[in-house]
Amino acid sequence: MRAALVGLDFGKNDFAASLDELFLLAKSAGAEPVITITGRRASPDAALFIGTGKAQEVADAVADLQLELVIFNHALSPAQQRNLERLLKVRVLDRTSLILDIFAQRAKSHEGKVQVELAQLQHLSTRLIRGWTHLERQKGGIGLRGPGETQLETDRRLLGERVKALRAVLAKLRRQHATQRRARGRSETFSVSLVGYTNAGKSTIFNALAKAGVYAANQLFATLDTTSRRVYLGEVGHVVISDTVGFIRELPHQLVEAFRATLEETIHADLLLHVVDAASPVRMEQIEEVNLVLKEIGADHVPQILVWNKIDAAGLEPTVEYDEYGKIQRVFVSAKSGAGLDLLREAIAASLKAALEARGRSRSQPVDSVDMHA
């Protein structure tokens, strides 16, 4: 599907990187980006987001290049999306819808599919309520509507029922995860979660550490379903390592909410391996984006080791860096060549050993006496 990409520069320093990312997202979704149209504004236009002049420029490009789709590098309001579609006469997607579409294509497990559908319906519901005025008329339908309901009200009701059903399924899955975690806790098995920006190389590192065959590709959101493996790490014994979905700037809130069942592995982990693409010019911004999502899901308290991956592409050497207190801060590796992976295994073992010792100290401390008859 031939597409135009549209991005406005509001003065942020990661504008170029964000546009490169939109290009990759569009390709991942199966679109063929033909032209990229950019502009500068202090703030979005209320009606058309990009303003009348820029919207006409996009309309001319659509007509001249026979484009079928226009993708915006921003979140559009339902009204803006509707106004743009009327003017451009083609389908308009915003960044949120595009990411949701990729997730829908990539979800393989039952849990992943349920989570994506819930996110899509939550996103669609805002469009239904404010945007579908053309459905505000009576339509016949046997067994679908109560008397006097409009099509819009019916769509809302059916959508609400489906959302409720999906929430119930995810609540059940969360309870199952909690049971599995309690079993791990009783056996005192440490859990380690890989987190990071999408395409930072988490799945390649996971495969190297766990000798697993998880799908890893040079594309955005190659992994959606959490995969866990038991790995033996010397004196700390067996640990459970989990690979999770990658994060991205402006990750739709609906996705974070819907994927909470998957991301709970991260919240309850003993250690996070925060994988960073060392060769990316915007790696510091990417670290910040990941930390924002971790905060949103309540995982910002979990100890982290920064794993700088792709050092071969960045011209760096494998090494371990410590902070002023002697704690491991960063490990430099190349999952592709294997350089530094032995250092990473040692760093994980050392961090977990320190946590185990801290756990032992807290258990040996005297507990305040409690009145058992209270």
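This report describes salt bridges in a predicted model.

The structure holds eight salt bridges.

| Pair | N to O distance |
|---|---|
| R2 and E32 | 4.0 Å |
| R40 and D9 | 2.8 Å |
| E21 and R95 | 2.5 Å |

**Strand 1 and strand 2**

R2 and E32 form a salt bridge through their side chains. This pair links distant parts of the chain, with R2 in strand 1 (residues 2-9) and E32 in strand 2 (residues 32-40), 30 residues apart. R2 has 28% relative accessibility and counts as partly exposed. E32 also falls in the partly exposed class, at 42% relative accessibility.

R40 and D9 form another salt bridge, with 2.8 Å between the closest N and O atoms. Because R40 lies in strand 2 and D9 in strand 1, this pair ties together parts that are 31 residues apart in sequence. R40 is exposed, its relative accessible area being 66%. D9, in contrast, is buried, with a relative accessible area of 11%.

**Helix 1 and helix 4**

The side chains of E21 and R95 meet in a salt bridge as well. E21 belongs to helix 1 (residues 15-29) and R95 to helix 4 (residues 95-106), and the pair links these distant parts of the chain across 74 residues. Are the two partners buried or exposed? E21 counts as buried, because its relative accessibility is 6% and buried means under 20%. R95 is buried too, with a relative accessible area of 1%.

How values were computed: Residues numbered from 1 in each chain as written. Predicted model: local features only at pLDDT ≥ 70, side-chain atom pairs only at ≥ 80, totals over all residues. Heavy atoms only, no water. Helix = DSSP H or I, 4+ residues; strand = E, 2+ residues; numbered from the N terminus. Buried < 20%, exposed > 50% of the residue type's maximum accessible area, 1.4 Å probe, protein only.
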